Amino acid sequence: MFNVNCINKIANVGLDLFTDNYQMVEQFNDADAVLVRSSSLHELELPKTLEAIARAGAGVNNIPLEKCAENGTVVFNTPGANANGVKEIVIASLIIASRDIFGGVNWVNSCKDDPEVAKLVEKNKAKFAGTEIKGKKLGVIGLGAIGILVANALNKLDMEVYGYDPFISVDAAWNLSKYIKQAKSLEEIYRECDFITVHVPLTDSTKGMFNKETFAMMKDGVKLLNFSRDTLVIDDDIVEALESGKVGRYVTDFPNPKVCGVNGVITVPHLGASTSESEDNCAVMAVRQIMDYLENGNIKNSVNYPNCDMGVCNHVGRIAINHRNIPNMLSQFTSTVARENINIPDMINKSKGKYAYTILDIESPATPELANKIKQIDGVLKVRIIK
Ligand SMILES: NC(=O)c1ccc[n+]([C@@H]2O[C@H](COP(=O)([O-])OP(=O)(O)OC[C@H]3O[C@@H](n4cnc5c(N)ncnc54)[C@H](O)[C@@H]3O)[C@@H](O)[C@H]2O)c1
Ligand SMILES: O=C(O)CC[C@@H](O)C(=O)O
């Protein structure tokens, strides 16, 4: 029986996939696997028994990835599962950044008791007029699951789209419309674009990427959309840029006390992925990945361990080992098994950065004694008997 703890609300269509071999538990410390959305796990102690964390979403800055890897806890996310939800809110945001729709709606509501409201509207509507997005230049920074959908969709709405992503994957490049202009640098995006939308993960290198210096390089009145993460933007600098008119509008999915209520800021309560479709997609992908890991030892879409897939075990036993990516690990595993006079008919070993993962299929049932012997090898972080 596996114990699963949900830290945030996870869509039922995903939870319903768990079989009778799983039970939901209230306590994080009792869980073999944890499902989470945006709650921060950085301050939590990780129990050694915690096998997996699945982030039902894309961003993993709320999870201590290295601490988890050291604990032998595999962290998954759900790439692309909520990308369409974000794409659609970005399209809406470009339009609400171009016309004062919110200002107009709020003003009309304030006139609701006036019997002359229809006449008032015609007299005052010019105050809320704006521009169209057609023909304007849009810079898309980060061409992953979301950036690609955004770039292609806005190109179809007749925007001139520039894309920038020095690390673009081959798959992503195949999916990008040929009409998207490839920006060679961020400076090119800043210099050319009327609208900029950012779709990069929050990392040490992207934190604060929108600041005084970068705003200075942008066109006057540029409109910035941030559906990625709050601290990509330096709050004091965006407020100053809005006050000076350098930035015309800032639409952000991440309200905080510094930007809420500031003229020119449109704050959205982290709604990018809050559609039933995105929530369902993320939940299903997260649960399937956890089940495959717990039941078969397979890893798909992990952000701190390598992908590793041996399918369902057709041999008598299977052992899964989380370990450091250092020399001589594999030969120590195989010789430990050989000393027990057990054959290894199949195996896989993959690495990702400082960490590696090995699955050994063996011709005897895996025993706690054998697992303990492997655990003694220097560099081993966790050993699991799958079968
Ligand atoms: N608002 C929301 O509800 C919501 C929903 C989903 C994702 N997000 C955020 O959006 C981010 C992107 O999501 P995704 O699904 O597109 O992820 P993704 O991993 O598919 O794409 C990220 C892209 O950013 C690129 N990149 C990384 N560093 C870069 C840099 N310095 N300059 C340019 N490009 C860079 C990568 O190469 C990759 O192609 C997530 O990390 C998350 O923070 C927010
Ligand atoms: O779970 C959510 O609502 C937000 C998810 C989003 O920020 C993500 O990074 O995928």
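Guide: Start with the overall layout. The centres of domain 2 and domain 3, taken over C-alpha atoms, lie 45 Å apart. Domain bounds here come from an automatic or database domain assignment. Domain 1 covers 1–82 + 274–305, domain 2 covers 83–97 + 132–267, and domain 3 covers 306–387.

This is a predicted model: local features need pLDDT of at least 70, side-chain atom pairs count only at pLDDT 80 or more, and totals for chains, interfaces and linings use all residues. Residues are numbered from 1 along each chain as its sequence is written, while chains are lettered from A and ligands numbered from 1 in the order in which they are written.

Now ligand 1. Its shell holds 33 residues. A residue counts as near if its C-beta atom, placed from the backbone, lies within 6 Å of the molecule. Gly-59, Gly-142, Gly-144, Phe-167 and Gly-272 come nearest. Domain 1 and domain 2 each supply at least three residues of this shell. Helices also take part (DSSP runs of H or I, at least four residues, numbered from the N terminus). α3 (83–98) and α6 (145–156) each give at least two residues. α6 gives the most, with three. By type, the shell around ligand 1 has 18 nonpolar, twelve polar and three charged residues. Ala, Val, Leu, Ile, Met, Phe, Trp, Tyr, Cys and Pro count as nonpolar, Asp, Glu, Lys and Arg as charged, and the others, Gly among them, as polar.

Next, ligand 2. Around it are Arg-37, Ser-38, Gly-57, Ala-58, Gly-59, Asn-82, Gly-272, Ala-273 and Ser-274. Two of these are nonpolar, six polar and one charged.
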